[in-house]
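Trainee: I would like to go through this model with you and ask, for each term, what it rests on.
Mentor: Good, let us take the terms one at a time.

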Amino acid sequence: MSNERPRAETIAAHAFRAVEPTTGAVVPPIYMASTFARDESYEKRLPDDYQRGGSPTLYQAEALLAALEEGAGCLLYPSGVAAIFSLVDTVPLGGHVVAPVNMYYGVRVWLKSLADKGRIALSLIDMTDSAALRAAMQPGKTDLVWIETPSNPTWDVIDIAETAAIAHEAGAILGVDATATAAVTTRPLTLGADYVFHSVTKYLNGHSDVLAGTLITRETNERWALLQALRTKTGAPLAPFECWLLMRGVRTLFVRYREASANAKAIARHFSSHPKVERVLYPGLATHPGHEIARRQMTDGYGGMLSFLLRTDFDGARRFCTLLKVITPATSLGGPESLAEHRKLIEGPDSPVPDNLVRFSIGLENVNDLISDISQALDRL
Ligand SMILES: Cc1ncc(COP(=O)(O)O)c(C=O)c1O
């Protein structure tokens, strides 16, 4: 038996399967208990004796994600945004946050509202431009640099190592929304990020049946202790059943992500020169502005997310989504089923997203069915 640390695929496939001693079950049981009895000496048997602090199924799921991201600790929350806003809550009053213009819009809108109230100072910049990032940094005041890579919905690729160096030089931390990389193709903590975030709702759970989010830390420090305390105080741990479903999903993470990547790449290539498609935005295409960084930073596929700029207007892009028959017109991403979404309609008139952009989350169907579906919808547009 080798003493080598198991590789990521092995960690995921086993999902820290602890063979249950009394039954030999190869899948861990779910501990649904909300409270846990103390021992004979009235000591806690686990770090927490009440589910608001944590539960055995939560600890297992957190250990699994920490191992996949090579982190020192992991916290799971009942949604992605709950996780992000816990981290933002650790920014001192009036502290400066630098975030991208192109990012998951729900977070951008909320950060802006916090800035409007004076809770934080906010700079929204083009994160693909490292000179703009350097110019935005306020040493001693900038507390958090937040990036998303590849970022919604244009799939900009941000150089994590370079961004971490710039953030650290100014005394700030770097948080990376790596939802689209699924802990498969990029490990932000190994590139210098301080926190990696995932909307677990997406690839990590991967079956469109759990809402969850996670923060994984490079080191356990004062801020991490604050995050742990905040989660208990605000009553926001992920519930045991969702943790169990997540571990079930992670077992197939690598095959799902690789298959989705292969399908998305084939679709991106196929429609790149279609007369009704102005541009395909996919980091795996050599024509994508972030491709060179992606080649270095996404070492196991470019993911299943891509967008089309259609040769049409707002109404045409919206109608296109209704013409699809195999691909479902729905929000979210990272599930087995392919989804299409008219982002401008979802994000509203203030959004920087082009009117003619349709975002696809490419799933696990037969790629020829997906290509035929998109082709027939384009023909009828
Ligand atoms: C990139 C990204 N970040 C954050 C979020 C928010 O996560 P959740 O929906 O799990 O709260 C989403 C979800 O839509 C997302 O796509």
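Trainee: Which residues surround the ligand, and which of them are the closest?
Mentor: Bearing in mind that this is a predicted model, 13 residues surround the ligand, and the closest are Ser79, Gly80, Tyr104, Ser199 and Thr201.

Trainee: Turning to the strands, why is S4 called largely enclosed?
Mentor: A residue is buried if 20 or more other C-beta atoms lie within 10 Å of its own. In strand S4, residues 142-148, seven of the seven residues are buried, and S4 is therefore largely enclosed by the rest of the structure.

Trainee: How many bridges link S4 to S5, and in which sense do the strands pair?
Mentor: Strand S5, residues 173-177, pairs with S4 over five bridges in the parallel sense, and isoleucine 147 has valine 176 of S5 as its bridge partner. Together with helix H6, residues 160-169, S4 and S5 make a right-handed β-α-β unit.

Trainee: Which strand is joined to S2 by five bridges?
Mentor: That is strand S3, residues 121-125, which runs parallel to S2. Between S2 and S3 the chain crosses through helix H4, residues 105-116, in a right-handed β-α-β crossover.

Trainee: What makes that crossover right-handed?
Mentor: With the strands pointing away from the viewer, a path that runs clockwise from the first strand over the helix to the second is right-handed, and the crossover from S2 through H4 to S3 is of this kind.

Trainee: How do you know that the radius of gyration agrees with a compact globule?
Mentor: For 381 residues, a compact globule would have a radius of gyration near 21 Å, and the protein chain has 21 Å, so the two agree. Of these 381 residues, 47% are buried, and the secondary structure of the chain comes to 13 helices and 12 strands.

Note on methods: Residues are numbered from 1 along each chain as its sequence is written. This is a predicted model: local features need pLDDT of at least 70, side-chain atom pairs count only at pLDDT 80 or more; totals for chains, interfaces and linings use all residues. A residue is buried if 20 or more other C-beta atoms lie within 10 Å of its own, exposed if 12 or fewer, and partly exposed in between; C-beta atoms are placed from the backbone. Helices (H or I, at least four residues) and strands (E, at least two) are DSSP runs, numbered from the N terminus. Two strands pair if DSSP finds at least two bridges between them. The radius of gyration is taken over C-alpha atoms; the globule rule is 2.2 Å times the number of residues to the power 0.38. A residue is near a molecule or strand if its C-beta atom, placed from the backbone, lies within 6 Å of it.
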